[in-house]
Amino acid sequence: MNSFAPSTPTAPAWSHRVPGWALPRGRDINETDAAFAAGIAMKSLDDLIRADPPWLGCWRDRLALKSAAVAAKMLGRTEEESALLDAVLLTVAGDDPGPAGKLFLATRMLIRRSGPVTTSFVKDIADLSGLRWDDGLASIPDIVDSAIQSGRAAPFAVADLITAISAVRPDAEVLALGLAEAVLAHKLSWPKSVPLLLPERFGPSFRTIGGRGRVRPGEPAYPKAICMALVDGVEAALRSAVEIERRAARLLAVVPKLRTKGAGPVIRRLLNDGAVPASVPGSSLSRWAANRLFERLEGFEAVRELSGRSSFRIFGL
Amino acid sequence: MTMAGSSTVRSKRRPDKGAGAEGLYDRELEDLPPVVRWREWMLRVEAVIFASAEPVSRETLARVVGKDCSIDLLIDDLVDELRDRPYELVSVAGGWQHRTRSRFAETIRASSAPTRGGAATLSEFEAMVLMAVGYFQPVTRGELSNVFGREVSRDLIGNLRGAGFIGSGPRSPTPGAPYTYVTTLHFLSAFGMETLQDLPNVDALEDAGLLSKTTTREKDFAVRVDAGEPTFEE
């Protein structure tokens with residue numbers, strides 16, 4: 001278990017929140033103010049990603065689940081996060097997790113993958129989010145490339161990207177926001193993308209001043225809305241990171257007390273995935289051993305049961 | 001223990017594509033004048049769609065035409081050409097297929113000629129169950145029985161499955177870990193839909209009180225089954 005020995009940094013290498021002085025006061029600000037706040041927010045998140053703590057995978061996964069729930073709402077579905085999680089985790093390999101589960105697969109694919117956006121990648125995401133494939137979608141890799149080449153600052157390049165995609169396919173907003181996160185990650189040279197925009201889709205940033213309508217791609221206020229959404233997204237992501245860090249520290253602290261043989265891969269999965277079913281498919285543990293391991297971890301308050309059920313349990317930090 | 005076997009049976013070998021044949025087939029047709037070349041591409045695409053047993057995807061068509069040929073424009077021209085024919089080229093389930101125009105449905109029924117379509121073999125109740133699966137997927141047989149207020153038999157599910165309209169989805173986290181059912185690509189194709197978004201609006205139906213995924217689902221009388229963690233295979 002030496003591999004999990006906490007390295008005990010003297011001070012946290014990343015700030016736990018966006019500095020208060022950077023946040024815009026009120027919503028009635030102009031684009032430059034919003035861009036300033038977005039810049040500071042991106043830097044705060046950049047510090048976290050550069051610090052590369054071991055639980056980053058779990059954090060990304062949780063954000064992807066949140067995005068999937070928002071995407072489901074955007075498409076008029078009623079599934080909550082727990083239903084999406086069940087759909088994906090309880091599907092046997094080779095079966096179809098259903099339309100809502102596929103949305104989670106899509107957002108998870110977006111965060112787990114690094115590298116350029118290829119046609120086949122866009123096609124996979126489009127299939128998973130139930131979009132009809134046509135020449136408009138086929139042109140998206142080129143749009144993404146030109147956004148990456150664009151000399152504008154990251155938030156504005158991303159706003160241009162979403163506007164361009166929405167012009168070709170107005171119904172592909174989920175895809176557009178997901179790819180925008182990928183471009184953002186590329187611009188900031190992060191290894192993988194972080195869901196920041198999708199979770200904020202129904203947030204206050206995209207509301208118009210009166211509070212009744214929503215700012216749409218292509219409108220003059222859209223780049224400002226993207227900046228504000230990034231600030232809100234980063235704040236939410238950092239909040240979630242603080243909590244996961246606390247839980248991960250707790251888990252790593254109790255690891256030496258575990259005597260289960262083969263617990264290593266399970267601990268690693270807990271740190272890398274947002275949720276692990278109690279049977280831990282793919283591990284060498286028998287289901288009784290896995291049950292005992294999770295019960296012991298639960299006794300130490302190192303993991304939580306996420307589904308609230310007494311059978312088909314799902315554990316996570 | 002029945003749950004362990006099902007996933008292993010399903011692994012299919014991908015058929016090897018003849019790598020040699022690809023090189024010999026002239027896709028670009030460089031030696032023809034542009035107009036004739038376009039004509040030839042149109043004919044090729046139509047031939048492939050005509051011969052195919054299922055909707056033909058964009059990738060399949062891309063194998064028989066030149067690299068910089070826009071398939072959408074080809075299809076537009078073909079659709080144009082078929083304007084006064086009794087059949088048309090429709091885009092379903094992520095591909096294209098020849099279909100007789102729906103206004104000839106009665107004519108074909110009167111002729112009682114054997115057709116390829118499988119949708120006609122469904123009984124009324126089967127069609128209703130299929131529709132419910134479409135809206136509520138993933139949904140278990142028990143939940144379907146709740147929706148209809150009568151038993152949805154295993155045979156009926158078996159029929160729909162046999163016809164290729166539904167497949168199995170995630171296991172439901174309820175006692176017994178029943179399979180849920182989801183619709184397949186064939187379902188979309190048979191009912192002329194591109195994606196599930198094309199289903200008539202579910203909100204409107206719910207407001208009309210036609211559908212409600214009943215509040216009395218299994219979880220309300222949750223039985224504690226502690227021993228029953230199912231084993232999943234990767």
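A: Ile143(A) sits in helix H7 (residues 140-149) of chain A. Helices (H or I, at least four residues) and strands (E, at least two) are DSSP runs, numbered from the N terminus. This is a predicted model: local features need pLDDT of at least 70, side-chain atom pairs count only at pLDDT 80 or more, and totals for chains, interfaces and linings use all residues. Residues are numbered from 1 along each chain as its sequence is written, while chains are lettered from A and ligands numbered from 1 in the order in which they are written.

Q: Is Ile143(A) buried or exposed, and why?

A: Count C-beta atoms, placed from the backbone: a residue is buried with 20 or more others within 10 Å of its own, exposed with 12 or fewer, and partly exposed in between. Ile143(A) is buried because it has 23 C-beta neighbours inside 10 Å.

Q: Which residues does Ile143(A) contact, leaving aside neighbours within four places in sequence?

A: Contact means that two C-beta atoms, placed from the backbone, lie within 7 Å. With that exclusion, Ile143(A) is in contact with Leu161(A), Ala164(A) and Ile165(A). As for Pro256(A), 113 residues apart from Ile143(A) along the chain, the two C-alpha atoms are separated by 50 Å.

Q: What is the span of helix H8 (residues 154-168) of chain A, and how does it compare with the expected one?

A: The expected span is 1.5 Å times one less than the number of residues. H8(A) has 15 residues and reaches 21 Å from first C-alpha to last, close to the expected 21 Å. Its buried residues include Leu161(A) and Ile165(A). Among the elements covering the buried residues of H8(A) are H7, H9 and helix H10 (222-254) of chain A.

Q: How is chain A divided into domains?

A: Domain bounds come from an automatic or database domain assignment. Chain A has domain 1 (29-245) and domain 2 (258-316). Their C-alpha centres are 29 Å apart. Domain 1 of chain A gives twelve residues to the contact, and domain 2 of chain A gives nine. On the domain 1 side, helix H2 (56-74) and helix H3 (81-89) of chain A each give two or more residues. H2(A) has the largest share, five residues. That side divides into seven nonpolar, two polar and three charged residues.

Q: What are the domains of chain B?

A: Chain B has domain 1 (31-110) and domain 2 (121-219). The C-alpha centres of these domains lie 32 Å apart. Seven residues of domain 1 and six of domain 2 of chain B make the contact.

Technical notes
Nonpolar A, V, L, I, M, F, W, Y, C, P; charged D, E, K, R; others polar.
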